[in-house]
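Here are some notes to read alongside the model. Have a look at it first, then work through the points in order.

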Amino acid sequence: MTAIDRTTETGAGDRTGDGRGERLPAAHRTVIMTLLVATFVVILNETIMGVALPHLMSDLGVSASTVQWLSTAFLLTMGVVIPTTGFLLQRLATRTVFILAMSLFSTGTLLAAVSQGFWMLLAARVVQASGTAIMLPLLMTTILTLVPVARRGLVMGNVSIAISVAPAIGPTVSGIILQYLSWRFMFVIVLPIALAALVLGARLLGNVSEPGRQRLDVVSVLLSVPAFGGLVYGLSRLGESSGEGLSTALVFLAVGVLCLVAFGWRQLRLARGGDPLLDLRAFRFPMFSVSLTMLCIAMVALFGVIILLPIYLQNVRGLDSLQTGLLLLPGGLLMGLLGPVVGRLFDRWGPRGLSTFGSLLLVATLWRLSTVDAGTPVWLLVGYHLVMSLGLACLFTPAFTTALNPLPPSLYSHGSAILSTLQQVAGAAGTALLVGIMAGRSASLAASGTSAVAAQTEGLQSAFTVAMVVGLGAVACALFLRNDRPAGAVEQGGEQGAGTADAARAH
């Protein structure tokens with residue numbers, strides 16, 4: 001019996017011979033590290049823009065409602081492009097997809113750096129987002145293909161460095177650059193790193209799977225644009241709109257939901273005899289559905305807090321953007337740096353204990369944040385953020401790995417695409433829900449005569465309370481997690497993980 005065979009249903013591997021002590025082949029490590037660096041760069045770019053919006057309003061002569069499109073258009077593009085990555089990753093070679101993604105990202109970064117006006121910068125952000133949308137599903141699909149089940153927790157833990165640290169340091173890097181240089185340098189500094197990753201990847205990356213002959217279903221593409229784009233846009237507007245704007249948001253949400261239903265029906269039909277753009281049969285695996293639900297709940301809480309804490313620190317406590325970024329930086333670094341540790345614990349003990357502990361920490365932190373006021377010590381807020389980051393670190397790696405582990409190879413790319421798509425939708429939903437609650441509560445209190453600071457503080461408390469209630473769903477999901485493995489997992493590890501599974505058999 002192999003070490004992987006001895007892995008139990010709960011994910012606890014053999015304590016001495018589960019393959020964790022064996023290294024992946026050098027070629028596979030090179031592939032994964034190259035993709036990891038490239039993913040880090042493109043995700044860093046996703047959050048680097050927020051702090052710069054006031055500077056761009058002044059330099060480009062546009063209003064706040066106009067400049068927000070630089071962030072909204074990025075999210076919209078991500079929401080539209082990610083669903084197509086399941087098809088791209090099966091139809092094209094790995095190296096081709098990587099070159100496509102990084103070429104788009106590098107081109108968009110160059111255009112942004114030399115932009116002469118708002119509309120050129122907006123187009124550049126759309127091109128950047130197109131490349132960004134492809135990278136995370138590509139990274140996850142490659143890991144599933146190359147890494148045996150017994151080692152996926154550790155490798156997914158390393159992925160969390162890109163997913164967690166890059167968004168966390170984005171505002172800080174942006175704040176430092178803007179303190180001394182023009183906003184263009186946000187792109188000038190990123191460009192050589194992106195180009196180096198492109199050149200290195202083009203030289204070193206091989207194809208980890210054979211290109212298929214899938215056909216692109218044009219109807220699915222046409223439905224996916226209003227479905228995912230409408231949902232993301234509607235949710236992003238919902239949190240900041242009122243009156244006529246609220247009606248617009250609700251219309252986009254209604255269109256998005258209707259198109260999403262039609263899109264899902266179309267994919268189920270194609271799965272019976274055609275080539276679905278996004279294969280929804282991944283939802284037939286219970287652990288994929290449960291883990292995805294937990295992950296989306298965590299993303300609602302995380303994205304809400306990412307927005308709410310800076311609002312509190314700047315509007316209630318009077319800190320500037322650079323100070324805010326520096327205060328939130330330790331939590332983001334902690335979340336990413338703990339990823340490999342959590343991955344090792346996952347490979348050894350499975351997901352349930354880690355996820356339950358992480359989700360309980362998340363709920364406890366949100367409860368404490370719901371009590372903050374204008375006099376709460378800043379150092380205590382940093383402590384709360386660190387504890388929440390610890391909880392999310394214990395939650396994200398098990399959620400990603402447990403969701404994708406049960407899938408057969410034919411669903412790797414589609415499962416990764418579904419995961420990434422719903423992350424975007426959940427992030428937009430979290431921002432819309434919590435910012436909307438904060439704004440509504442603050443407005444009603446201000447109308448009744450409450451001071452602006454007190455009204456905003458109570459609005460933030462209400463939003464954090466709702467986030468805490470939502471977080472309880474993650475606790476419920478965590479209790480049901482187990483690390484299911486697909487039939488033939490050992491053979492997949494042997495074929496696609498090369499020497500790793502062979503080494504495990506020696507035990």
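The points below go from the whole chain down to single residues.

1. Ground rules. This is a predicted model, in which local features need pLDDT of at least 70 and side-chain atom pairs count only at pLDDT 80 or more, while totals for chains, interfaces and linings use all residues. Numbering starts from 1 along each chain as its sequence is written, and side-chain values use heavy atoms, with hydrogens and water left out.

2. The chain overall. You're looking at 20 helices and 0 strands; helices (H or I, at least four residues) and strands (E, at least two) are DSSP runs, numbered from the N terminus. Of the 507 residues, 56% count as buried, where buried is under 20% relative accessible area, exposed is over 50%, and partly exposed is in between (1.4 Å probe, protein chains only). Take the contacts (heavy atoms within 4.5 Å) between residues at least 6 apart in sequence: 83% of them join residues at least 24 apart.

3. The cores. A nonpolar core here is a set of buried Ala, Val, Leu, Ile, Met, Phe, Trp, Tyr and Cys residues joined through side-chain atoms within 4.5 Å. The largest one has 113 residues, and Met102, Met135, Leu366 and Phe396 have the most contacts inside it. Helix H12 (residues 286–316) gives this core its largest share, 19 residues. There's also a second, separate core of 21 residues, with Ala113, Leu121, Leu122 and Ala124 among them.

4. Phe396 up close. Leaving aside residues up to four places away in sequence, Phe396 touches Leu295, Ala298, Met299, Leu302 and Met335.

5. A helix pair. Helix H6 (residues 94–113) and helix H7 (residues 118–146) have axes that come within 7 Å and cross at roughly 155°. Axes are lines fitted to C-alpha atoms, for helices over the stretch in contact, and angles run from 0 to 180 degrees between N-to-C directions. H6 and H7 are therefore roughly antiparallel, the word used for angles over 145 degrees. By class, their contact has 16 nonpolar, 9 polar and no charged residues.

6. Thr39. Is Thr39 buried or exposed? Thr39, in helix H1 (residues 26–47), counts as buried because its relative accessibility is 1%. Setting aside residues up to four places away in sequence, Thr39 touches Met135, Leu136, Leu139 and Ala162.

7. Leu222. Now go to helix H10 (residues 218–238), where you'll find Leu222. Leu222 has 59% relative accessibility, so it counts as exposed. The C-alpha atoms of Leu222 and Phe263 are separated by 9.0 Å, with the two residues 41 apart along the chain.

Definitions and conventions: Parallel < 35°, antiparallel > 145°, perpendicular 65-115°, else oblique. Nonpolar A, V, L, I, M, F, W, Y, C, P; charged D, E, K, R; others polar.
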